[in-house]
Amino acid sequence: MQNNQQEYEELQKIDIMDTAYEMVNALRRNFWKMLIIVVACAAIGGGLQKAQYEPDWKADTTYVVSANTTTATVFTQATTSNMAKTVQKILESEVARTMVAEDMGLDEVPGTIAVTSVDGTSVITIEAHAKKRDTAEAILDSVIKVYPTLTNQIVGDTSLEVMGNEKSVTLTNPLSIKRAIAIGAIVGVLIVIVILMAMALSRKTIRDDEDLREITNVPCFGIIPIVHFKKRKNTTPEDKLVLFDNPRTSSGFQESIRSLRTRFEQELNDNDRHVFVVTSSAPGEGKSMVAANLAISLAKRGMSVVLADMDLRNPSMADALGLGKYELGTCDVLAGKATVEEAMLVYEDLPMYILPGGRPVAQTARLMNDQSLQALISKLRGIADVVLLDTPPCGTLSDAILIGTFADSGIYVIRQDYLRTERVSDGIQSISETGMPLCGCVLNGVEAGKAGFTYGRTYGAYGRYGGYGRYGSYGRYGHYGHYGGYGGYGGYGSDYGLEDLDKDED
C-alpha cells in the first residue's frame with residue numbers, strides 16, 4: 001500500500017514537471033505574443049483608470065461654535081455638545097443646500113457638504129467636496145456665509161470661530177496610473193499563465209523514447225543532444241559544423257553518434273539491407289545532420305558509405321559537411337547530364353563518398369521518375385557497403401515517399417518537443433505505405449536532462465549560422481530554397497536550424 005502511494009506521488013511529480021516544462025517551452029515559442037498580452041492588459045488597466053477617474057477635491061476647516069448673547073452663552077456652556085450636533089444637522093439639511101446654491105447663483109450645489117462634530121464639544125468640521133478645486137472652495141465659503149441665517153432661529157445668535165489652521169484644500173483621490181498599470185500587468189500575467197497551462201495540457205509532442213514507443217511503434221535508434229558552440233575569435237565556418245569528427249563538438253554528442261552507429265550496425269548484421277532513406281516529418285528536425293554524422297561514424301569504422309543528397313529543392317549536404325563548391329550533383333545525374341562518378345565527392349581521407357544535390361530545382365517531377373531513380377540507386381548500391389539517402393521531409397513533400405520505394409529501409413528523425421504527435425504519426429504512416437520498413441527513429445535536439453539524456457555542458461545550437469549548413473538557414477541558399485520559401489509546399493522554413501545560442505568567450 002505504501003509503495004503504491006509512493007509511486008502515485010512520483011507520477012504526480014513527473015506530471016507537474018512535464019507540465020511546467022511544456023509551459024516554459026510554450027512561453028519560449030510564443031514569448032512575444034504573451035508579452036503583448038501582458039502589455040495590452042497593463043495599457044487597458046491604465047486606460048480604464050484614466051477614463052473612469054473623477055477627482056475629489058475637499059475644502060475643509062474646523063470651527064468652534066460660540067454664542068453671541070449672554071443667554072445663549074449660558075445655554076451653550078450647558079449643552080455645547082447638543083448645540084454642535086444641531087448645527088451639524090442644519091448645515092447638512094436640504095434647506096442649507098438650497099441656500100448655498102442660491103448664494104452661488106446656481107440651481108443646485110455642484111458638490112456635497114459634510115459636517116462632523118466632536119462628541120462633548122462644540123467643535124465642528126465643515127467639508128465641501130467637488131470635482132474642481134475652485135468649486136470646493138466656493139461651496140465652503142457659501143456655507144460659512146449663509147450659516148448665521150440658517151442657525152439664528154434655532155440655536156440663537158451664534159458664530160463660527162476658526163480653530164487652528166485656516167481652511168485647507170486637498171485632492172483626496174490622486175490619479176494613480178502606475179498602480180492601475182501594475183494591476184493590469186498582474187492580470188495579464190495571470191491570463192498568460194492560464195493560456196500557457198492550457199497549451200501545455202493540450203500539446204502532445206514527443207519528449208522521450210517512451211513517447212516514441214507509444215506513438216510510433218518504431219524502435220528508438222538513438223538520442224542525440226542539442227549542440228551548443230561557444231563563440232570564439234578567429235573561427236571559421238568549418239569550426240561551427242556539427243560533425244562527429246569536429247573536436248569542438250561535445251563528448252556527449254560524439255557518444256550519442258557512436259551509440260546510433262552501434263544500433264545501425266546491428267541492423268546491418270541482422271538484415272540484408274544496404275540502402276537507407278533518412279527523413280523526417282517536417283523541416284528543422286535535423287535529418288541531414290543525423291545522416292551526415294552517421295555516415296562519418298561508419299566510415300571511421302572502415303565501412304564504405306555513400307551519402308546522397310536527394311533533396312533537389314534545397315541541396316545542402318555538401319555545405320553541411322564543409323566540402324566547398326562543387327559543379328555537379330544529383331539533379332545532373334538524374335537529368336543524364338553527368339555520371340555518378342563525375343558528380344561524386346570524397347570526404348577527407350575516409351571511404352565516404354558524397355553525391356551533392358547540385359543546383360536547386362523548383363519542380364522535381366521531371367527528374368524524379370521511377371526509371372531515373374531506380375537506375376541511380378542501383379548504381380549507388382554497387383559503390384559502397386551502405387547508402388544513405390538524405391530526402392526532403394515526407395510530411396511536407398512526396399519526394400521521400402517516391403524515393404522510399406527503391407530503398408531497403410529508413411531512419412526517421414524526430415526533433416524533441418517540436419511537432420504534434422499526429423503529424424509525426426502521419427509522416428511515419430505515409431512512408432510506411434511505400435512498403436519500406438523503418439528500422440528505427442532518432443530523437444534529435446534533446447535538451448540536457450530530458451529523455452533521460454544527461455550529457456555534460458555543450459555549446460552553440462547546430463551552428464552559428466542558424467542551421468546545419470555554412471551560409472544560412474540549412475544551407476547556403478537560406479530559408480530552405482532559392483526559389484521562395486519552398487514555394488507552395490508549406491513554407492519550407494526559415495526555422496530549419498535550431499536556435500542560435502552562441503555565447504561570447506571570456
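Some ground rules. This is a predicted model, so local features need pLDDT of at least 70, side-chain atom pairs count only at pLDDT 80 or more, and totals for chains, interfaces and linings use all residues. Residues are numbered from 1 along each chain as its sequence is written, and side-chain values use heavy atoms, with hydrogens and water left out.

Names next. Helices (H or I, at least four residues) and strands (E, at least two) are DSSP runs, numbered from the N terminus.

Now the sheet. It is open, with eight strands in the order E6-E14-E13-E8-E12-E9-E11-E10. The pairing is mixed. Two strands pair if DSSP finds at least two bridges between them. Which strands sit at the edges? They are E6, residues 220-225, and E10, residues 345-346, and each pairs on one side only.

E6 runs parallel to E14, residues 438-446, over four bridges. Cys220 has Cys441 in E14 as its bridge partner.

Helix H9, residues 251-270, packs on this sheet. It touches E6, E8, E12, E13 and E14. Contact means heavy atoms within 4.5 Å. The direction of H9 makes about 165° with that of E6. Axes are lines fitted to C-alpha atoms, for helices over the stretch in contact, and angles run from 0 to 180 degrees between N-to-C directions.

H9 also meets H10. Their axes are 9 Å apart, at an angle of about 75°. That makes H9 roughly perpendicular to H10, a label for 65 to 115 degrees. Phe253 and Leu260 are among the H9 residues here, and Met289 and Leu294 among those from H10.

Back to that serine. Ser281 is in the loop between E8 and H10. Buried or exposed? Ser281 is buried, at 2% relative accessibility. Buried means under 20% relative accessible area, exposed over 50%, partly exposed in between (1.4 Å probe, protein chains only).

Last, Pro393. It lies in the loop between E12 and H15, residues 399-404. Pro393 is buried too, with a relative accessible area of 0%. How far is Pro393 from Gly284? In sequence, 109 residues; in space, 9.4 Å, C-alpha to C-alpha.

How values were computed:
Parallel < 35°, antiparallel > 145°, perpendicular 65-115°, else oblique.
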